[in-house]
Amino acid sequence: MDRIFTLTLSPSLDSATLTAQLYPEGKLRCSAPVFEPGGGGINVARAIVHLGGKATAIFPAGGATGEHLVSLLADEQVAVDTVESHDWTRQNLHVHVESTHEQYRFVMPGATLSEDEFRQLEEKVLAIESGALLVISGSLPPGVKTERLTQLIRAAQQNGIRCIVDSSGEALSAALTLGNIELVKPNQKELSALVNRDLSQPDDVRSAAEELVKSGKARRVVVSLGPQGALAVDETGSVQVVPPPMKSQSTVGAGDSMVGAMTLKLAQGASLREMTQYGVAAGSAATINHGTRLCSLDDTQKIFTYLTNA
């Protein structure tokens, strides 16, 4: 199986809590916070480990929050390769309101990365062996421009590293201009922005995804369709996977779980259908948990078995 690495430029220490009601100015009594690692690539690596695979998370870590983040990943047996940053790792807050079942996600800006800190991360990425998979996921922190990210992706590709990009907006568009991205997972709105046209009909979504593949921008495009699952396209054709109906408790971590599961299957050489089924299963498994929890192997396997027998 191919080795897997992830790169997270804006990691976070996430805390989740419950409160009975949400209203202004008063004191809101909350449950004891639960701390978990956060950040796109970090969560992808965690999901892979939860599913029985191995992945190394590359990221900057600073201050006490960075130390706490690294410690939590050690508890989950996720391998890390970090660069010490001057700024403290950010801390996000997720609040679940019991009376309304609403969720509020307070996301702080990422820690600023200096040029030297980014260069150290770049060195770690370019030391990855040829043929390995690298998942680049999450937002860009202050101090890092999109051009800097695309330069890193280009250099990685030139070294034979197979890049998966899970981002949005300008960062995703810029990455796709490089071409030969192994896998991207836009939602319908993001895909519409990438092809610069409205995608109101189901066939429009498939055509737009095929356009990205045929143009050489991405080898695989998996369009996330929320409760409707996902539509996947590669050079061999397309497949749509619809998950079983289930009560969603939280969508936090569903996308990262999906990318982690698909990356694991990709590393194992699975078909487009199996990769997408496993990704949808893991994404769905994450939604039945409260707070920021990712997919579990047991839940993912049950849903995957359902999908393969459907």
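Start by selecting Leu93: at 31% relative accessibility, it counts as partly exposed (buried is under 20% relative accessible area, exposed over 50%, partly exposed in between, with a 1.4 Å probe and protein chains only). You're looking at a predicted model, where local features need pLDDT of at least 70, side-chain atom pairs count only at pLDDT 80 or more, and totals for chains, interfaces and linings use all residues. Numbering runs from 1 along each chain as its sequence is written, and side-chain values use heavy atoms, with hydrogens and water left out.

Leu93 sits in strand S6, residues 90–97 (strands, E, at least two residues, and helices, H or I, at least four, are DSSP runs numbered from the N terminus). Leaving aside neighbours within four places in sequence, Leu93 touches Ser15, Thr17, Tyr104, Arg105 and Phe106 (contact means heavy atoms within 4.5 Å).

Hop to Phe106 next, in strand S7, residues 102–106. Phe106 is partly exposed too, at 40% relative accessibility.

Then jump to helix H8, residues 254–267. Its end C-alpha atoms are 20 Å apart, which agrees with the 20 Å its 14 residues should span at 1.5 Å a residue (the expected span is 1.5 Å times one less than the number of residues). How many of the 14 residues of H8 are buried? The count is 13, and H8 is mostly covered.
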